[in-house]
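I opened my notebook for a friendly look through this model, one entry per topic. Here is what I looked up.

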Amino acid sequence: MKKILCTVCASALMLGVTACGTGERTQRIVGLEAENANLRVQVEELKKSAPEENPIDRFFGGLEYDGTTLVMNVVAGCQANAWEAEVRHLAEELKSQLPLQEDRDLVDAYIFAVEEQVQRMEVMAIYPVSDVSIPEPERINSSGTLRGVLSAEGRSGIWRDTFDQLRWVLPFEQDYVFVFDASGAEEELSEWMT
């Protein structure tokens, strides 16, 4: 956005310079520079008001680890658990704002449907690393160690999407306070990360 604004401002400046006489040109340049400065301030304000990246993605995105499948599995599983906990908390918060039992029941049914989707993803996530020509119960033996990572990443994605969907249907626009505890997650992962 900043690049676009700078390009627009530069183009306007060039047009102003070529369209005006010398005195008018100087005045126009000063005006455009002032407008450019004002637009830069507006861009900075927009950046400040933009939603901050959520703490779960910020924490897990910043982790550095050795990349073994065991550690990747643990990290992906912890991230999936964090998103699931966040969704369950948000669902309870949403239900507390709904006066009718039928609406609270609908939230519960939605979460139940997500749980079923997670179960299906447990099977489907390993398609890329397994022999899909054999039945599912036997397929797990052909999938290797990446199956845990893919399965946990699939779970994480579903819970993350569900979180966004529930945020979208909150009856009132409001700030959400995450229950995710980065220090607790760091402690949980510390034994695997060394």
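**Entry 1: the overall fold**

I found eight helices and zero strands in the protein chain; helices (H or I, at least four residues) and strands (E, at least two) are DSSP runs, numbered from the N terminus. Read from the N terminus, the order is α-α-α-α-α-α-α-α. I noted that this is a predicted model, where local features need pLDDT of at least 70 and side-chain atom pairs count only at pLDDT 80 or more, while totals for chains, interfaces and linings use all residues. Residues are numbered from 1 along each chain as its sequence is written, and side-chain values use heavy atoms, with hydrogens and water left out.

**Entry 2: burial and contacts**

I checked burial next: 28% of the 194 residues in the protein chain count as buried (under 20% relative accessible area; exposed is over 50%, partly exposed in between, with a 1.4 Å probe and protein chains only). The protein chain exposes about 12,600 Å², and 56% of that comes from carbon and sulfur atoms. Contact means heavy atoms within 4.5 Å. Of the contacts between residues at least 6 apart in sequence, 70% join residues at least 24 apart.

**Entry 3: α4 against α5**

I looked at helix α4 (residues 69–96) and helix α5 (residues 101–124), whose axes come within 9 Å and cross at roughly 165°. Axes are lines fitted to C-alpha atoms, for helices over the stretch in contact, with angles from 0 to 180 degrees between N-to-C directions. So α4 is roughly antiparallel to α5 (over 145 degrees). On the α4 side I listed Val87, Arg88, Ala91, Leu94 and Lys95, which meet Arg104, Val107, Asp108, Ile111 and Glu115 of α5. Sorted by class, this contact has five nonpolar, no polar and five charged residues.

**Entry 4: α5 against α7**

Which way does α5 run relative to α7? The axes of α5 and helix α7 (residues 146–168) come within 9 Å and cross at roughly 155°, and the two helices are therefore roughly antiparallel to each other. From α5, the contact includes Tyr110, Val114, Val118 and Met121, and from α7 it includes Gly154, Ile158, Trp159 and Leu166. By class, I have eight nonpolar, five polar and three charged residues where α5 contacts α7.

**Entry 5: Glu191**

Is Glu191 buried or exposed? Glu191 sits in helix α8 (residues 182–193) and counts as exposed, because its relative accessibility is 58%.

Terms used: Accessible areas come from the Shrake-Rupley method with a 1.4 Å probe; for residues, only the protein chains shown count as cover. Angles under 35 degrees count as roughly parallel, over 145 as roughly antiparallel, 65 to 115 as roughly perpendicular and the rest as oblique. Ala, Val, Leu, Ile, Met, Phe, Trp, Tyr, Cys and Pro count as nonpolar, Asp, Glu, Lys and Arg as charged, and the others, Gly among them, as polar.
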